[in-house]
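Please find below a short note on the model under review.

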Amino acid sequence: MSTTVQQTPASDVPALATTVVTSWKAPIAFAAFTLIALLLAVFAPREGETGFRLSEAKDVIQITTITTPAMPTLWVVIVLLALATAYSVFIVASKRRVPLWLIVVFAVLFMVGFLTWAAAGATIPVVGLLFGSLSLAVPLIFGSLSGVLSERVGVINIAIEGQLLAGAFTAAVVASITGQPIAGLFAAMVAGMLVSFVLAAFSIKYFVDQVIVGVVLNVLVLGLTSFFYSQVLVPNAAQLNTPPRFDRLPIPVLSEIPIIGPVLFRQTLVVYLMYVAVALVYIGLFHTKWGLRLRAVGEHPQAADTVGIKVNRTRFWNVALAGAIAGLGGTFFTIGSGIAFNKEMTAGAGFIALAAVIFGQWDPIKATFAALLFGFASNLQNTLAVIGSPVPSEFMLMLPYVVTIFAVAGLVGKVRGPAAAGKPYIKS
Amino acid sequence: MKLELRGITKRFGSLVANDHIDLTVEAGEIHCLLGENGAGKSTLMNVLYGLYQADEGEVLLDDEVQHFAGPGDAMAAGIGMVHQHFMLIPVFTVAENVMLGHESTKAGGILDLASARAKVREISDRFGFDVDPDALVDDLPVGVQQRVEIIKALSRDARVLVFDEPTAVLTPQETDELMGIMRQLKESGTSIVFITHKLREVREVADRITVIRLGKVVGEASPTASNAELASLMVGRAVELTVHKDEPNLGEAALVVEGLTVIDPIGQLVVNDVSFTVRRGEILAVAGVQGNGQTELTEALLGLQPRITGSIAIDGIELSSASPRRILDAGVGFVPEDRNEDGLVGEFTITENLMLDRSNGAPFVRAGNIQRAALEQFAREKVSEFDVRTQGIDSKVRQLSGGNQQKVVLARELSRDLRLLVAAQPTRGVDVGSIEFIHKRIVETRDSGVPVVVVSTELDEVAALADRIMVMYRGRIVGIVPGDTPREVLGLMMAGEVPTEGAAA
Amino acid sequence: MSDPREPASGGADSREPDADVAIEEPGSVAATSTTTTTTAAARAAAPEVEPPSRWHTMLHQIATGNAIISVLAVILALIVGAIMIAFTDENVQKASVYFFARPGDTVVAVWQSVSGAYTALFQGSVYNFNRDTFAAGIRPLTETLTFATPLIAGGLGVGLAFRVGMFNIGGRGQMLIAASVAGWIGFGFDLPWGLHMLVALIGGLLGGALWAGIAGLLKARTGAHEVIVTIMLNYVAFYLVSWMLRTPGLLQAPGSSNPKTPAMKETAIFPALLGPQYNLHFGFILVVGATVLVWWILSRSSLGFKFRAVGENPNAARVAGINVKSMYVYAMLIAGALLGLAGVSQVLGTVTTGFTAGIDAGIGFDAITVALLGRSTPWGIFVAGILFGAFKAGGFSMQAAEGVPVEIVLVVQSLIVLFIAAPPLVRTIFRLPDPSRAAKRPRPIVTKEVKAK
C-alpha cells in the first residue's frame, strides 16, 4: 500500500480552533435583581424624599446635603437596571462575556436605588456610613490578608476566626497589664502566630487535612479563650481586662478632604497599619522575591522544590506570618475599640474574612474590597436601624453571606484558587 | 564536567528501586540511560538531583564526592534537570520561571525582571529557541515549555544536564529538533544524561548506553547495537513485539461517529469535526502524540464530555447526548487512560472495584442491597481468570502493581456483554508480562465480534494491535490508514502531514 | 481465597503453572525462550513476605492501630485539661507562691483541684456515688445519653457527608431550620398524640434536608465549594430564625416580646424513655435507628457503594456511570436530615419549653469533632457521641461543683480530635512503634474534587 505524504511544514498549523463558551448566569441574576427592585416599587412604595448628607458638622469644607424624591429616583434606577439587563442579554446572545464593569455599575445602581427607597423620609449620613463600614471592615481586611497569604503558599486557613479571637484576647490582657495598647498589638501578633504554628505543624508535618485542622483550631481557641475568660479574667477584670484604646490620629491636611478625609484619615493606628499591610502584601506578593517563591510553592510545590526552594519551610513561616497579620486584626475588637474582651466576641468575622478571600479571588486588593463590601453591608444595617428601615435588620445582616453564596456559585465567574492549596507536600 | 555515581542504592520500604548502581558520564558525552517504565531510572536521577537521599553510595563530580541535601545543592554543583513532567509554574511567565530560586533583586527585594528577561533572550538566542520571556507558560506549546526547562537549567550554568523522558510529549519532528539541541549542548562541553525507553532515539544520539532493569545495571552497550539487542537487555528476554493475531473477520459497521466536535471549558475545539466508522471484529487504533484530542475523543464516546456536537451511534442507536450510565448500559466497555484517576477506586477492594460500573441492578444489586455472596463469587472467578496476583479479593486495589490493576479494569469491562470496547493506553505503566496478556485479551475481544477502539501513543502498540490506524493531530483526523502502514509515514502524519493517497483504507 | 502462589485454576491463562522462576542472569537473557519468565519481573517487584504469626499481628495492630491512638489521644487531652485546671486554680496559685518553701502544698493543691474536677466530671456523666439509690446514682449516665442523642445524630450527618467527600460545616444552620420547622409544627398545630410527633419529626427532617440540599445542589450545579456555602448558610439560617423568633405570627410566643417560641404541645413531645424522673427521651431510640440506617446505607446498599466511590475517587465514579452530582445532592439531603434529627430532638426532647436562636447549642460544630473522632464510621460515631455526651453532662456538673468553666470541655474535645488526626504525634509522645506502612500518606478524609468538566 503506497502512502505518500504532503510535505507541509508542521509549524504552519495554526493553534487549536476555538469557540466561546457562554454563560447566562449574569443576565439571569441581573433580571432577578431588577425584578426585586420592581417589586419594591410596586408593592412597597414609600413616599417622601431621601437625603444624602455628605459632610459632618466639624468639617472645614462643608458640602450641602443632596435630597432626592424617593419614588421617582427608584423608578429611574429601575429603568437603568432594566437597560443594563437587556444589554447583558445582548452581550451573551452575541457570544461574548459580560464585562466586570457592567456588573459593578449594576451593583452600584441597585444599591443607590435600594438606599433611596429604604431611607425615604430620612437622611443618610454618608460619611458616618462609610466611616463605620471601614471600621467594621478592619478585622475582615486583616483576616482576609492572612487568608490570601496562607492560601497563596498552599495552606487553607479556616482558622482565621481563631487567630482573630486569640489576637483580641491577648491584646486585651497584655494591654490591660502594661497599660500600653502598642504592647497589646505585638502580643496579638504573637498570639495569632501561635495559632498558625499549630495549623502549620499539623498540616505540614503531620499531613492532617487543613480544613479539619482549621475548624478544630477555631473550637480550641474558642474553648481556651472562654475558659481563661471565665476562670481568670472575670475575677480579675480590673487588672486583666480593662484594655486602654488606641486614640484617633487625624492626619493633617488629608483629614480635611471632603468625604474621603473623615472616612480614611481620622482613624486609629490599627487602621493606618491596615493600609500599610494591604500595600505591603500586594507589592510583596507580586513584585518581590519573597512573593514569587511564596506563590510558586502554592501553585506547584514540586517545581519550587526542584529549584531549591524549601517548600515546607516556606509554607511554615508564611503561614506563621499570616497568623500574625490576623492576630493584628483581632486587636480591633478590644484595644482597637476600647472594649473589654468577652467570650466569642469575634462572632464569625473570621468566616466573613474567608469569604472575602474567595470573593476577592485570592488577590489582596480585591479581597480588601470584598471585605469593605461586607463591612458596608453590616454598617448599612446599623445605619438603617437608626433611621428606621422598612427592611428587618436580620436581612441586612444576612446580606454578606448571601452575596458570598452567589459569588462562589459562579456569579462572578469561575473562581480559581492557588493550584496546590490544601494539598500537603509529601516527598517520595 | 565528569559525573560518577558509585553504588547508589535507594529503597522504598521493601522495594529496592536502585540496587548498587554505578554510572560514569564523561565530560561532553551524551550518555543514555535505557530501561523500561519502572526500572528505576527516574529514581536514580532524583537521587542525583538531591530530591531523594540515597541509602547507600555516593555521587562524584570531577572526582569529588558531593553531598546533596536538596536540589539547591545539586544545582549549585552544576547539575541541571529537564523533568519528564515539566517543573514549570503555569501561571508564571517564562522569565519568572527561569529566575525562580535564584532571583536577582533590586533595592528593597523588588524583583529584577529586566535582567531575567535579558538572560532568557541571551540563552534563547544562543540556541535559536525563539522564546518570549514575557509569555505565560500555560499558553506555550509543550515543545516550547521544554525549551523553557532547558533555559532554566542553563541559566544556572548547568554543566551536567539530565533529560528525563523528554520525548514522551513531542512529535517526531520536535524530537529531532531536541536531538539537535542535545548535540549542540554537547559541543559546548555539557555532559548529558538522556533517560528514555525508546530505542530509536538512543541509537541516534547516544555516545554510550547503560541499561537498567529492576533497579540494577544489567549492561552497557554501544549505539551500534541492534534494536533487538537493546530491547532484550532492557526487558530481560527476547521480546516478541507483535501479538499473534489472525486476519480480522469483519462484520457490519457498529460504531459510527460523524462530525464529532468536543469543546473544552475555555472554548477550544479539542476534537474538531471527526468522523469514522469501526466494524464488528475490527480494531481501530488511534495514534498521535499525547494531547492531540485522543483523550477527549474517548471521553466523548463515553458521554464524559459535556460540550459536544455531532453524532455517535452504536449499532444504530444514537448515544451522543446519553449519560455515561446509559452508554455503559448500551454495552460500551471502557479502559481509561489513567486507571488510578478514572478507572479504579484505590481504597476499594478488588471485589468492590469489580462492581464499580454495575452499581445499579442485576447482577450485583437487588432492591438496593448489594448481593455480597454473588459478588464475591464473581470476584474470585475473575481474579483467577485474569491472573490477578493478589493476597485475596479483599485486598485494596491501591496495593496492586500497575499490571494487576489494569487486569482488574479489564476483567470488569470484559465481563459485560460488550457492543464496543474503548481502550485508552491499555498498557501504560504495565509490566511486560501483563502487556502481552492484555494485548491477547483485546485481540480475543475483537475476534469475538466486538468492535474495538484502542488509543495509544506508542507506535509499537499501535502496530501490534491495529487493523486500521487513525492518526490525530490538533483535534482533527489526519488520515485513516491500514494497520501495516510504515512507521515513517505514521510519524509524519503525527506531525499533521496529510497522506495524499491510501487514506480510504 | 486466591493465594497468589497457587496456580491459576482453569481459565484462559493457566499457561504458567510454575511462576516462581528466579530472575535470569542478565547475560543469558537474550537466549532464553519466551514462555516461562513472562511474569518474573512482576513477581520480583513485589517480593513475597513471610506472613507473621497471628498473635504478633494482633499485638502489632493494637500497638499501632487506630484504637490505641484514640485512647491515648483522649488521655493526652485530659492531661492538658488537667494542667489548665491546675494552673488556673486559686489554691494552686496560692500554694505556688511558697513553692520552694513547701513544694508539697502545691502538689496537694494540684491533686485536689484536678481530682476534684475530674471526679465531678465522672460523677456528672456516669455514676454518682453520693446518691443513696441506684436509680438516683445512675441518673448522670442517662444525662450523658440525653446529651449524646443530638451529638450522634449530628455526627452521623457530618460523617456521612465525609464519606462522600464533602465537609458539612453547616450543621448549625441545618439544626436551626429543622428545629424551627419541627417546633412550629409542635406548638402551632393540634394533632392527636403520636401523629403530631411524627408530623413534627418529618417536618424537621425535611427542613434540615432541604437546607443542606442547597449546598449539595450548588456544589453539583456550579461547583461551589460546600465548605464555604455551608458556613454561609449557617449565618443565613441564624438570622432568618432570629427574625422569625422576634416576629409575632411566625415563631414568637404570643404576648411575649422575647425572641422565643411558646412551649411544645404535649402531643408532639418525645416520650421519656425511663419515666419522668430521667430526661432521656425517645430521641435516643431514633438515633440508634439512624445509626443502624447509616450503617446499612454505607456498608450494604447500592446507594452507599456509590457514595463511597464518589468520596474516594469522584473521577472513577463518574467514568463508571455513577451520577456524581446526584450523589452530592442525595448525600447532603441525608446529611441534612440527620442534622435535622439532632435539631428535632433538641426541641421535641430536650428543650420542650420553647426555644431561642441558641437551640443548636453548638452541636452543629461538635458534630464535626464527633464525626472525626468516630472516623466517619456509624458505630465509631455512636461511641464518640456518647463520649462527648459524657463530657457535656460531666462538664456542667464540674462547673457547678468545682467552678471549672464548662468551656474546658471544648478544649479537651478539640485536642482529642487534633491528636487523633496526627497519629505520629501521639506515637512520638508515647514512644510507640511505627507501623511498617508509615503514616506518610494518610488517607485524606475529605475534599477530593472532580476534574472541571
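1. Basis of the note. This is a predicted model, in which local features need pLDDT of at least 70 and side-chain atom pairs count only at pLDDT 80 or more, while totals for chains, interfaces and linings use all residues. Residues are numbered from 1 along each chain as its sequence is written, and chains are lettered from A and ligands numbered from 1 in the order in which they are written.

2. Domains of chain A. Chain A comprises domain 1 (2–121) and domain 2 (128–370); such bounds come from an automatic or database domain assignment. The C-alpha centres of these two domains of chain A are 33 Å apart. Their contact involves 7 residues of domain 1 and 4 residues of domain 2, two residues being in contact if their C-beta atoms, placed from the backbone, lie within 7 Å. On the domain 1 side there are 4 nonpolar, 1 polar and 2 charged residues. Here Ala, Val, Leu, Ile, Met, Phe, Trp, Tyr, Cys and Pro count as nonpolar, Asp, Glu, Lys and Arg as charged, and the others, Gly among them, as polar.

3. Domains of chain C. In chain C, domain 1 covers 66–125 + 404–429 and domain 2 covers 145–394, with C-alpha centres 32 Å apart. Domain 1 of chain C brings 13 residues to the contact and domain 2 of chain C brings 10. The elements giving two or more residues to the domain 1 side are α5 (103–125) and α17 (408–421) of chain C; α17(C) gives the most, with 8 residues. That side divides into 8 nonpolar, 5 polar and no charged residues.

4. Residues 255–499 of chain B are 33% helix and 26% strand. Helices (H or I, at least four residues) and strands (E, at least two) are DSSP runs, numbered from the N terminus.

5. Helix α14 of chain A. Because 11 of the 11 residues of α14(A) (residues 349–359) are buried, this helix is largely enclosed by the rest of the structure. A residue is buried if 20 or more other C-beta atoms lie within 10 Å of its own, exposed if 12 or fewer, and partly exposed in between, with C-beta atoms placed from the backbone.

6. Positive phi values. Most residues other than glycine have a negative phi. A:Lys95, in the loop between α2 (70–93) and α3 (100–118) of chain A, has a phi near 60°. A:Lys95 is exposed, with 11 other C-beta atoms within 10 Å. B:Asp130 also has a phi near 60° and is exposed, with 9 other C-beta atoms within 10 Å.
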